[in-house]
Amino acid sequence: AQIGTAIWAEYRGQPTPWHPGHIADRYGAFIIIVLGEIVLGTLAAVQAALSQQAGALPVLLVAGSGLLLVFSLWWIYVTGAEAHLTSLRTALAWGYGHYVCFAAAAALGAGLGVAIDTLDHHAHLSERGAAASVAIPVVVFLIMLAGLHQVARTGAIGHPMLIAAGVIIVILVALSAPALGLAIAVLLMGVAVAATLVASLALTAQQARHPERI
């Protein structure tokens, strides 16, 4: 009921004055908090794994790959921070859509913990299942973030095909985890998301130089 209060209040009563920049800043700050929790949770999982004398290299590789995923996803998010929330309908769609991003980011932190526990032999899960616990939140985050950028008309995410390519690669890597090894699979997911970011930034820069081609 509380989640729907904002919609009910705004459409049933007098519209509340609001500042688009402040709203975008608040949501961005919350994303930072959630992604920061991923970093802290991953470091705690690494400490626990290493204290149990688990294989150090695979665990550290997953931790480093997790950081690569977090920073790449954050950078992709930041490129759309200047949201054009020109109407109440746009602001509500943009704001409520963040709930999915928050949930996906939190799930990514849990997924990285599952991957480390799997390497540490504390999780009774296959390598493919552990890789999926990382890949699914990443895929959901990317797809939802692309949708939010479209809603806010930031144009910052680049062409939707770039996001589609990144999503497909992440899924294929997760499915190939038994052959690649879990640590390598998580690393390749991080590389795929980072490559998506680089390609998006390059396309955005090209569009800024040649706006007539957009």
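Student: Leaving out residues up to four places away in sequence, which residues does S72 touch?

Tutor: This is a predicted model, in which local features need pLDDT of at least 70 and side-chain atom pairs count only at pLDDT 80 or more, while totals for chains, interfaces and linings use all residues. Residues are numbered from 1 along each chain as its sequence is written, and side-chain values use heavy atoms, with hydrogens and water left out. A contact here means heavy atoms within 4.5 Å. Not counting residues up to four places away in sequence, S72 touches V193, A194 and L197.

Student: Is S72 buried or exposed?

Tutor: Buried means under 20% relative accessible area and exposed means over 50%, with partly exposed in between (1.4 Å probe, protein chains only). S72 lies in helix 3. Because its relative accessibility is 4%, S72 counts as buried.

Student: Which backbone oxygen does the side chain of S72 reach?

Tutor: A polar contact is a pair of N or O atoms within 3.5 Å; within protein, one must be able to donate a hydrogen and the other to accept it, and residues adjacent in sequence count only if both atoms are side-chain atoms. At 2.8 Å, the side chain of S72 reaches the backbone oxygen of L68.

Student: How many helices and strands does the chain have?

Tutor: Helices (H or I, at least four residues) and strands (E, at least two) are DSSP runs, numbered from the N terminus. Along the sequence, the pattern reads α-α-α-α-α-α-α-α. The chain therefore has, by this definition of helices and strands, eight helices and zero strands.

Student: What distance does helix 3 reach from its first C-alpha to its last?

Tutor: The expected span of a helix is 1.5 Å times one less than its number of residues. Helix 3 has 23 residues, and 33 Å is expected. From first C-alpha to last, its reach is close to that expectation, at 33 Å.

Student: Which residues have the most contacts inside the largest nonpolar core?

Tutor: A nonpolar core is a set of buried Ala, Val, Leu, Ile, Met, Phe, Trp, Tyr and Cys residues joined through side-chain atoms within 4.5 Å. The largest one in this model has 50 residues. Those with the most contacts inside it are V62, L108, F141, L142, V170, M189 and V193.

Student: Which helix gives the largest share of this core?

Tutor: Two or more core residues come from each of helix 2 (20–51), helix 3 (56–78), helix 4 (88–119), helix 5 (127–151), helix 6 (160–175) and helix 8 (182–209). The largest share is 11 residues, and it comes from helix 5.

Student: Leaving aside neighbours within four places in sequence, with which residues is L142 in contact?

Tutor: L142 is among the residues with the most contacts inside the core. Leaving aside its neighbours within four places in sequence, L142 is in contact with L73, I76, I163, V167 and V193.

Student: With which side chain does the side chain of H98 make a polar contact?

Tutor: H98 is found in helix 4 and is buried, with a relative accessible area of 0%. Beyond neighbours within four places in sequence, its contacts are Y27, I31, Y77 and L148. At 2.8 Å, its side chain makes a polar contact with the side chain of Y77.

Student: What separates the C-alpha atoms of H98 and I31?

Tutor: H98 and I31 are in contact. They stand 67 residues apart along the chain, yet their C-alpha atoms are separated by 8.7 Å.

Student: How are the rings of W74 and Y77 arranged: stacked or edge-to-face?

Tutor: Rings of Phe, Tyr and Trp (its six-membered ring) pair if their centres lie within 6.5 Å; planes under 30 degrees apart count as stacked, over 60 as edge-to-face and the rest as tilted. The whole structure holds three aromatic pairs. With centres 5.8 Å apart and planes at 20°, the rings of W74 and Y77 are stacked.

Student: Of W74 and Y77, which is buried?

Tutor: Both lie in helix 3, three residues apart, about one turn of the helix. W74 counts as partly exposed, at 27% relative accessibility. With a relative accessible area of 6%, the buried residue is Y77.
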